[in-house]
Amino acid sequence: MAEPLQVSDADFEQEILKSDIPAMVDFWAAWCGPCRAIAPVVEELARDYAGKVKVAKMNVDENAKTPAKYGIRAIPTLIIFKGGQVVEQITGAVSRSIIENALKKAL
Amino acid sequence: MPEWDYDLIIIGGGPGGLTAGIYAGRARLKTLLLEKLIHGGQMMTTDLVENYPGFPEGITGFELSDRMRQQAERFGLLIRSQEVLELKPGKPAHTVVLPDGQLTAGAIIIATGARYRRLGVPGEDKLVGRGVSFCATCDGAFFKDEAIAMVGGGDNALTEILFLDRFAKKIHLIHRRDQFRGAKYLQERVFEFEKLGKVEIHWDSEVKEFLGQDNLEAAKIRNVKTLKETLLPITGAFIAIGMLPNTGWLKDLLPLDEGGFIFTDVIMATEIPGIFAAGDVRSKLWRQISTAVGDGSVAAIAAENYLEELKRG
């Protein structure tokens with residue numbers, strides 16, 4: 001899996017919560033500048049951690065249920081899930097090293 | 001003839017860094033721009049830029065960033081997405097330390113900008129991302145038909161009010177002085193919203209605490225003159241109270257002002273020959289896209305002259 005997977009409210013449970021490996025979801029929207037800022041980093045991590053972490057993106061404009069369920073009121077928000085549970089949550093545009101450290105903790 | 005990897009390395013890809021890149025490219029300097037995230041800097045989080053000359057209808061921060069990038073790349077600027085860990089001054093070349101190696105350059109322009117200042121009150125850190133926000137354009141839409149607060153009184157705070165108005169039911173504007181610092185034009189627009197009852201201005205007031213279990217539920221504010229405390233029921237609070245410089249990575253390399261911004265002279269030179277600073281990271285009175293652009297062009301020309309002199313020995 002080279003590219004981040006696009007997930008929606010409909011397949012979130014199947015793809016993320018029931019994922020065999022840890023999953024990281026980038027909650028984003030087109031009108032959010034910092035989301036654009038971290039998008040290349042998220043894409044890099046999807047490539048570098050292929051097979052170890054399922055990296056996914058959810059557009060909060062098109063999907064309201066999941067962001068509301070996790071109380072997301074700011075984007076970009078990255079949530080790392082392991083066995084269906086939230087293990088890390090990062091809000092705002094941060095550097096690759098911060099995201100990567102959180103990923104490594106979840107592995 | 002001195003040797004190095006690049007004639008010039010620019011650290012930071014906001015308007016100051018990108019403008020320096022345009023000038024350096026046209027001067028035919030071999031130039032690399034290093035940006036931690038993506039080019040544009042704070043412009044990227046600005047909805048509509050209305051005070052940058054040449055765009056009478058205004059331009060989105062994203063588009064302006066992208067145009068500056070294209071213009072710089074047209075003249076040969078190389079941009080890499082990379083965080084700089086350390087700057088080691090040397091003679092004649094300075095060394096930039098990256099996570100995966102290091103690069104040398106004859107001249108350096110530091111344009112790492114600034115980030116949002118936090119209030120430093122109880123509840124703030126806990127509720128960031130859960131109602132407390134530093135980016136109205138990112139998070140405003142989560143507060144549709146809700147009561148929210150904006151903290152601040154400068155250009156950024158007032159501009160964000162104009163953006164948030166389209167979502168929020170009511171906006172409490174909390175400002176610690178008895179008048180705004182922001183542009184008169186923005187003040188007039190905010191006062192129009194006040195007349196319509198959309199915006200309620202709390203003058204001379206400070207936020208003392210943000211309250212809420214999982215999400216923001218209220219802010220406790222205090223009038224600094226009467227000392228009267230009020231509890232405002234709000235679900236969102238946007239904070240625009242100024243900037244902190246991104247200079248922590250420099251450690252004690254360069255003299256900084258009391259706010260942590262880099263001292264320069266009129267040609268953007270720092271105390272170390274060949275190291276320049278431009279844009280919001282520099283110690284100065286006003287921080288605008290236009291002033292960052294001015295700094296960037298001056299710094300690049302000064303760097304070009306410096307390199308010429310080095311070559312002549």
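Glu100(A) counts as buried, because its relative accessibility is 15% and buried means under 20% relative accessible area, exposed over 50%, partly exposed in between (1.4 Å probe, protein chains only). This is a predicted model: local features need pLDDT of at least 70, side-chain atom pairs count only at pLDDT 80 or more, and totals for chains, interfaces and linings use all residues. Residues are numbered from 1 along each chain as its sequence is written, chains are lettered from A and ligands numbered from 1 in the order in which they are written, and side-chain values use heavy atoms, with hydrogens and water left out.

**Glu100(A) and its surroundings**

- Glu100(A) sits in helix α4 of chain A, residues 96-106. Helices (H or I, at least four residues) and strands (E, at least two) are DSSP runs, numbered from the N terminus.
- Leaving aside neighbours within four places in sequence, Glu100(A) touches Leu45(A) and Tyr49(A). Contact means heavy atoms within 4.5 Å.
- Tyr49(A) is 51 residues from Glu100(A) along the chain, and their C-alpha atoms are separated by 9.7 Å.

**Aromatic pairs**

- The whole structure holds 11 aromatic pairs over all chains. Rings of Phe, Tyr and Trp (its six-membered ring) pair if their centres lie within 6.5 Å; planes under 30 degrees apart count as stacked, over 60 as edge-to-face and the rest as tilted.
- Phe12(A) and Phe81(A) form an edge-to-face pair, because their planes stand at 75°, with ring centres 5.5 Å apart.
- This pair links distant parts of the chain: Phe12(A) is in helix α1 (residues 12-17) of chain A and Phe81(A) in strand β4 (residues 77-82) of chain A, 69 residues apart.
- Phe12(A) is buried, at 4% relative accessible area. Phe81(A) is buried as well, at 1%.
- Tyr70(A) joins Phe12(A) and Phe81(A) in a cluster linked by ring pairs.

**Chain B as a whole**

- Chain B contains seven helices and 19 strands.
- The C-alpha atoms of chain B fill a box of roughly 70 × 40 × 35 Å along the principal axes.
- Of the 313 residues in chain B, 54% are buried.
- Among contacts in chain B with a separation of 6 or more, 59% join residues 24 or more positions apart.
- Chain B has 37 positive and 42 negative side chains, and the centres of the two sets lie 1 Å apart. Lys and Arg count as positive and Asp and Glu as negative; His and the chain ends are not counted. The place of a charge is NZ of Lys, CZ of Arg, CG of Asp or CD of Glu.

**Backbone details**

- Ile75(A) and Pro76(A) are joined by a cis peptide bond, with omega about -5°. Pro76(A) lies in the loop between α3 (65-69) and β4 of chain A.
- Pro92(B) is in the loop between β6 (86-88) and β7 (94-98) of chain B.
- Arg28(B) is not a glycine, yet has a positive phi of about 60°. Arg28(B) is in the loop between α1 (15-26) and β2 (31-35) of chain B and is exposed at 64% relative accessibility.
- Leu227(B), not a glycine either, has a positive phi of about 65°. Leu227(B) is exposed at 51% relative accessibility.
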